[in-house]
Amino acid sequence: MNKNKPWIVFFSQTGTEIVDLVEKLGRLPDRIITNERPENLREINKQILSWANNKGIVRYTPNKPTVEDYKRFLSEFDNPIITLHGWLRVIPPELCEKYMIVNGHPGLITEYPELKGKDPQIRAYRGKYKQAGCVLHRVTEGIDEGGVIATGKFNAEKLEIEELFLKFRDTSLSMWVEFLKKVTW
């Protein structure tokens, strides 16, 4: 295990998945980056705000970061693994080529390419998909186009939307934990 591998996370929504991951991994990311969004669009998980105050690991980008904004944060670390957890921005191609960036996507895009993009879990529910799942994939300049690293599937038949969301969350967390233990330890 390589404890020296820096781990940087990006999020645009609540950051709750990051809190859950930290609990399961027993390790904080080296940096948490989020974009400044209007307060009416989200509420950041209180634990992340606590880490921002106590550990100083949280940084804020403009709502729509430039290449320079990304570089400013990423240049602090040598060869980091970067994970996206509800990051609602396109990463510039030059950064996708330079860094190992992985996205978690709550849609089984290996079997249902139409689930690429935002809110695939809602589309899976409305489409009454019998099977659902998540993927971890490399980030490229195309939306949800990079090579798939891991896939997790489950039976989605007869699940109410709340149950479906819980299955997505649990499946995604398991995949992230397994992946991150391999690449950051």
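The model is predicted, so local features need pLDDT of at least 70 and side-chain atom pairs count only at pLDDT 80 or more, while totals for chains, interfaces and linings use all residues. Residues are numbered from 1 along each chain as its sequence is written, and side-chain values use heavy atoms, leaving out hydrogens and water.

Let us start with two helices (DSSP runs of H or I with at least four residues, numbered from the N terminus; strands are E runs of at least two). Helix α1, residues 16–25, packs against helix α2, residues 46–54, at an angle of about 75°, and their axes lie 8 Å apart. Here axes are lines fitted to C-alpha atoms over the stretch in contact, with angles from 0 to 180 degrees between N-to-C directions. That angle makes α1 roughly perpendicular to α2, a label covering 65 to 115 degrees. Ile 18, Val 19 and Val 22 of α1 meet Gln 47, Ile 48 and Trp 51 of α2, where contact means heavy atoms within 4.5 Å.

Some of these names return in the largest nonpolar core, which has 37 residues; Ile 18, Leu 21, Ile 32, Ile 48 and Trp 51 have the most contacts inside it. Such a core is a set of buried Ala, Val, Leu, Ile, Met, Phe, Trp, Tyr and Cys residues joined through side-chain atoms within 4.5 Å, and buried means under 20% relative accessible area with a 1.4 Å probe, protein chains only. The elements giving two or more residues to this core are β1 (7–11), α1, α2, β6 (131–138) and α6 (161–184). Helix α6 provides the largest share, eight residues. A second, separate core of 16 residues includes Phe 10, Ile 82, Leu 95 and Tyr 99.

Now follow strand β2, residues 31–35, to Arg 31. Arg 31 is buried, with a relative accessible area of 7%. Its side chain joins that of Glu 76 through a polar contact of 2.5 Å (a pair of N or O atoms within 3.5 Å; within protein, one must be able to donate a hydrogen and the other to accept it, and residues adjacent in sequence count only if both atoms are side-chain atoms). Beyond four places in sequence, Arg 31 also touches residues including Trp 7, Val 9 and Phe 77.

Our last stop is His 105 in strand β5, residues 100–105. His 105 counts as buried at 4% relative accessibility. Among its contacts beyond four places in sequence are Leu 115, Cys 134, His 137 and Asp 144.

Terms used:
Parallel < 35°, antiparallel > 145°, perpendicular 65-115°, else oblique. Buried < 20%, exposed > 50% of the residue type's maximum accessible area, 1.4 Å probe, protein only.
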